[in-house]
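Here are a few exercises to work through with the coordinates open. Try each one yourself before you read the solution.

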Amino acid sequence: MRSGFKLLAKLLALVLFLLYTPFFEGMRQLVESSHFLDLLVVRQESAETSFSLKGQLNVLSVPKQKEGSSVVEQTISTSQHPVSVPQIEDKVSNGKRIYIYDTHQSEAYSSGETVLDGAQLLGELLEEAGFEVVVETNSFADYMNANGLNYNDSYLVSANFLSDVLVNYGPFDLIIDFHRDAVPRESSYVTIDGKDYARMMFVVGGLSVNSEQTKQISQTLYDNIEQIQPGIMKKTMVREAYYNQEMSEHMILVEVGSDNNTFSEVRNSVEVLAEGITVYLSQ
């Protein structure tokens, strides 16, 4: 009986010690900073009606245009219309599929166009090459405003859209997060044979569980592009970040030019980028 009382007293003393020391506060901070739990929240919230992207997804299919047609067919779903998978013609011998989006949709070039225009252009070129392409056109800013989020939540927002797209439109053979850099003019372009190109760079999230796969894809594309037009690529950057690359083994993040590039220069580089991707997906 006495030994049982002593054991109970020790347990009570231990509980009091933990309550009045930084132990619980430290555990709380650790949990709050855990990226794994961030991802868990993403998946839980995207499944709830109040945070669901279903019915809000707004994607643009970029099918190959028919001879003599200048109109790009669009399949768009908004909150007022049910989501429907884009009807894409069966025209690709290898059936490869690509999803392109922009985590930072407001990134602009010196001539006024944004990375959304760059993603659209890349999608059209890849469709012309014979791939099935889905380009994200929904406004992430509107979604942030509607859900009390801000620019610092950009990757959380794009992760939610990506998760929903994978469920409703996936799988994809390549997922591209299209960005632009913010560097001085002299670092943003290169002139080759009298033609100006926006310099490009792949960025790898070194903390992602798929970092090695992302590095491999980026290196292959880097090699392809350098063979097509040497000198327009910057060395691939690996950063202590995630960039949502843990969500797929087939993801890349590419920065095309900077805020000091014209869209003409971006177009020249995107054409080479599309060629490099075509070589990669045709292997």
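**Exercise 1. Is Asn268 buried or exposed, and what does it touch?**

Start with the area: Asn268 has a relative accessible area of 13%, so it is buried (buried means under 20%, exposed over 50%, partly exposed in between, with a 1.4 Å probe and protein chains only). Before you go on, note that this is a predicted model, where local features need pLDDT of at least 70 and side-chain atom pairs count only at pLDDT 80 or more, while totals for chains, interfaces and linings use all residues. Residues are numbered from 1 along each chain as its sequence is written, and side-chain values use heavy atoms, with hydrogens and water left out.

Finally, skip the neighbours within four places in sequence, and Asn268 contacts Lys195, Asp196 and Tyr197 (contact means heavy atoms within 4.5 Å).

**Exercise 2. Describe how α8 and α9 cross.**

Two packed helices are described by the angle between their axes and the distance between the axes. Take α8 (residues 211–228) and α9 (residues 263–282): their axes come within 8 Å and cross at roughly 120 degrees. The axes are lines fitted to C-alpha atoms over the stretch in contact, with angles running from 0 to 180 degrees between N-to-C directions.

Now classify the angle. α8 and α9 are therefore oblique to each other (under 35 degrees is roughly parallel, over 145 roughly antiparallel, 65 to 115 roughly perpendicular, and the rest oblique).

Last, list who touches whom. From α8 come Ile217, Thr220, Leu221, Asn224, Ile225 and Ile228, and from α9 come Val272, Leu273, Glu275, Gly276, Ile277, Val279 and Tyr280. Sorted by class, that gives nine nonpolar, three polar and one charged residues (Ala, Val, Leu, Ile, Met, Phe, Trp, Tyr, Cys and Pro are nonpolar; Asp, Glu, Lys and Arg are charged; the others, Gly among them, are polar).

**Exercise 3. Which residues does Tyr243 contact beyond four places in sequence?**

The set is Tyr155, Val203, Val204, Gly205, Met251 and Leu253. Pick out Val203: Tyr243 and Val203 are 40 residues apart in sequence, yet 8.9 Å apart in space, C-alpha to C-alpha.

How values were computed: Helices (H or I, at least four residues) and strands (E, at least two) are DSSP runs, numbered from the N terminus.
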